[in-house]
Each structure stands twice: as structure tokens, then as C-alpha cells.
Amino acid sequence: MKRIVYILSVLFSLLACENSRTCKIEGRLSGLNSTTLYAIYESSEGNRIDTLACDEKGDFAVFHEQDDNLQAITFYYNDREEWFIVYPEGGKTIQVKGDAKYPQLIRIKGSGINDKLSEFKKKAETILRERADIINNMNENQLSNGEGPPQLANLDLALKRLAQDFITKNPKEKASVILISEYFMHPEEMEQTEDLLNLISPELTDYYMLKDLKARISKAKTTMAGAKAPAFNVTDIYGQTITPDSFLNKYYVLAFTALWCDMCRTEVMMLDHIAAEYPKDSLEILLISLDDETDDVRDRVLQDSVQWNLVTDSAGQAIDLFEKYNVNSLPECFLMDKSGIIKLRTSNGVELKQIIDEVMK
């Protein structure tokens, strides 16, 4: 009998070891518009996509053999318009539960990172819910224009304060690094981001996301105010070659734009006011359009009273400039001084006009 018990205990131990790296993710999402989920397995060696189906209650389950290179699994739903992220851990069962209308409130528990992030979500629940309700009630025009009621900005500020408090109190948690990535990576906030990263424990030095954030900050510094503007060599829609030397001894603006971006319109960004007020021998503006249909862009700008310097994405020119200037959203404008030093980076046309008025006095 003892021999049988011993053999069984050995078998159970072997099975436990065999399954110690298997991660199980099970969840229930209410209010889904579609029963199809798309799982993106994000690895240091590349990403892999898979699809899975929920039942009529929104239940789903995933079994995954933990890979040392696997960093996160992002689940997209409702025609890939919403998503949540799971941080897997071998041998753990991770529980996912929430309302599909509130992706930021979906609770994910079952591993160190997920538990800590759920702890933060619980503290921020009231703010996250109010913010989601505002966004859900905004019309398509407001969403595409990036507009929103004043309380939305106040809620975002309150979330940042909560995140900063959490990070300060949990410097040894990987969840703190993730919150820095979510709430403090705007190009205009790099100093604050660095201050928060300096709080993170040296124990997390090798954490992939911490390395990634430091690399992104290092790259972002190359296009912050005070930095030398990155060099470029492009051809405008009139066939003229344009480089930073084209603007020697004058101020110039690089305005990143696209036809489909209503907030990028020259009048919204006050570029037409600036161009009308300051002659080209003292200040020039170069529009960089993400659109690759040169004729469409040319037809649009010909409707303006200003003859714009304009570069489109033909031959990947705009994409190259977007990457060099670390532009991840539209609109975005850079003001350079006579020495080619970045004086201002902004998405606000009023601020751009104000600073130009000051330096051109």
C-alpha cells in the first residue's frame, strides 16, 4: 500500500511539474457585440494572432504553455475596437471578468502583475467609469476631432495623480512600469516620466518594458524643445528638394498632418493666420501630409489662399519624417529657430501662434 501511495505521489509531482508552465486564462465578458475574440501573443521574438469564441454568456477559456519570450496577451473584441491585456504567468489560472463597455474596468486576477493592476483599477473605478461614460456618449465627429467636454481633461489629470501615487508606493512592482507606459509617455511629459522611472527599483532593471521605456525616452529627447532638429531631405509636390538648410537664418515650422484629420486643418492649427502675418523671408511652414495621393492633397491646398510648402507620403517621405520626429498622433507641429533648434513641440494651434508671436517680435 505504501508503495502504491509513493508511486501516486511521484506521478502527481511529475504532472505538477509538467503543468507548472501552463497558464490558463478563463473569463466572462458581459455586453459583447460579437462572440469572437482575437488574441495577440506578444513576444520578444514577434507576435502571433489567434481567434477564439465566447459562448452566449460571454465565457471563454485559453490554455497556453508559458514561453520565456512571451510578454503579454492582448485580447481584442467588438470588431477589434476594444481590448484588454493579460500578463500571463506559468502555472497560474487567470480570471477575467467585466463589462465589455468598460474595457479599462475589466478585472484581471491571478498573477502578480494582473493583481496589482486590478488593485489600481479598483482605486480608480469611479473615475474610469465616468470617463468611459463620457467617451461612449460622444458622437463620431467629436471622437475623430479629439474633442471632449472639459471634465474629460480633469478626469485624465485625476487618473494621472492616482497612477503617480500608486507608482510612488509600489516601486518594486512591474505594474508600476506598466502604469508609467499607459499614463506618462506623452512627448511633452518626458521629464516627469524620467522622474517616475528613477523611482523604480533596480530589481526591475532587466524587465523588458522598463528597457523599452528608457529607449523610447532616449529617442524622444532627440525631438524635445532644445534639441537640434533631425536632418531630412525630401521633395515637395512641386519637385523642389527641401532640407533644413532650405530654412537658413529664418524660423520654420514642420506641421504633421493628413487630409482625413479634421483637427489638422490649417485654419484649426492657425497656420493660415501665421502664414498671412509673417513673410516667408522670416518664417516658413512645411506641411507634411501622411497621405500618399499627391493629387488629392494638391487639390485641397490649392483651395487655400496660401501657397504651402507641402510634402506627401509618396515614396515614404512622410513616414520617414514621422519616424525621425517621433510623431505618433496628429496634428503635431515643431517650431525651429534660426539655428535649427527646436523651440516648441505642440498639437495646439493657439500655443503655436502665441510662441511665434513672441519670438518674432
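The lining of the largest cavity divides into 3 nonpolar residues, no polar ones and 2 charged ones. In this division Ala, Val, Leu, Ile, Met, Phe, Trp, Tyr, Cys and Pro count as nonpolar, Asp, Glu, Lys and Arg as charged, and the others, Gly among them, as polar. The model is a predicted one, in which local features need pLDDT of at least 70 and side-chain atom pairs count only at pLDDT 80 or more, while totals for chains, interfaces and linings use all residues. Residues are numbered from 1 along each chain as its sequence is written, and side-chain values use heavy atoms, with hydrogens and water left out.

The residues that line the largest cavity are Phe120, Lys123, Leu162, Asp165 and Phe166. Two or more of the lining residues come from each of α2 and α5, and α5 gives the most, with 3 residues. The volume of the largest cavity is about 30 Å³, and the structure holds 1 cavity of 30 Å³ or more. Cavities and pockets are found on a 1 Å grid over the protein atoms alone: a cavity is a set of points where a 1.4 Å probe fits but cannot get out, a pocket is an open set with protein on both sides within 12 Å along at least five of seven lines, and lining residues have an atom within 4 Å of a point. Grid points are joined across faces, edges and corners, and a volume is the space filled by probe spheres set on the points.

The second largest pocket has a volume of about 360 Å³. It is lined by 16 residues, of which Pro88, Ile113, Lys174, Tyr207 and Tyr208 are the closest to its centre. The elements that give two or more residues to this lining are β5 (70-77) and α2 (112-123). By class, the lining of the second largest pocket holds 6 nonpolar, 6 polar and 4 charged residues.

These elements belong to a chain with 12 helices and 15 strands. Helices (H or I, at least four residues) and strands (E, at least two) are DSSP runs, numbered from the N terminus. Of the contacts in the chain between residues at least 6 apart in sequence, 61% join residues at least 24 apart, a contact meaning heavy atoms within 4.5 Å. Buried residues make up 42% of the 361 residues in the chain; buried means under 20% relative accessible area, exposed over 50%, and partly exposed in between (1.4 Å probe, protein chains only).

Side chains of opposite charge can pair when their charged atoms come close. The structure holds 16 salt bridges, each a side-chain nitrogen of Lys or Arg within 4 Å of a carboxyl oxygen of Asp or Glu. One of them joins arginine 131 and aspartate 156, whose closest N and O atoms are 2.5 Å apart. Because arginine 131 lies in helix α3 (residues 125-137) and aspartate 156 in helix α5 (residues 150-169), the pair ties together parts that are 25 residues apart in sequence. Aspartate 156 counts as partly exposed, at 27% relative accessibility.

Aspartate 212 and arginine 216 meet through their side chains at 3.5 Å, N to O. Both residues lie in helix α8 (residues 208-220), 4 residues apart, or about one turn of the helix. Aspartate 212 is partly exposed at 37% relative accessibility, and arginine 216 is partly exposed at 36%.

Glutamate 277 pairs with lysine 353, with 3.0 Å between the closest N and O atoms. Glutamate 277 is partly exposed at 44% relative accessibility, whereas lysine 353 is buried at 13% relative accessible area. Elsewhere, salt bridges that share partners join Arg107, Glu125 and Arg129 into one network.

The backbone remains. Leucine 330 and proline 331 are joined by a cis peptide bond, with omega about -5 degrees, and proline 331 lies in the loop between α11 (317-324) and β14 (332-336). Asparagine 78, a residue other than glycine, has a positive phi near 50 degrees. Asparagine 78 sits in the loop between β5 and β6 (82-86) and is buried, with a relative accessible area of 10%. Methionine 270, also not a glycine, has a positive phi of about 65 degrees; its place is in the loop between β11 (251-257) and α9.
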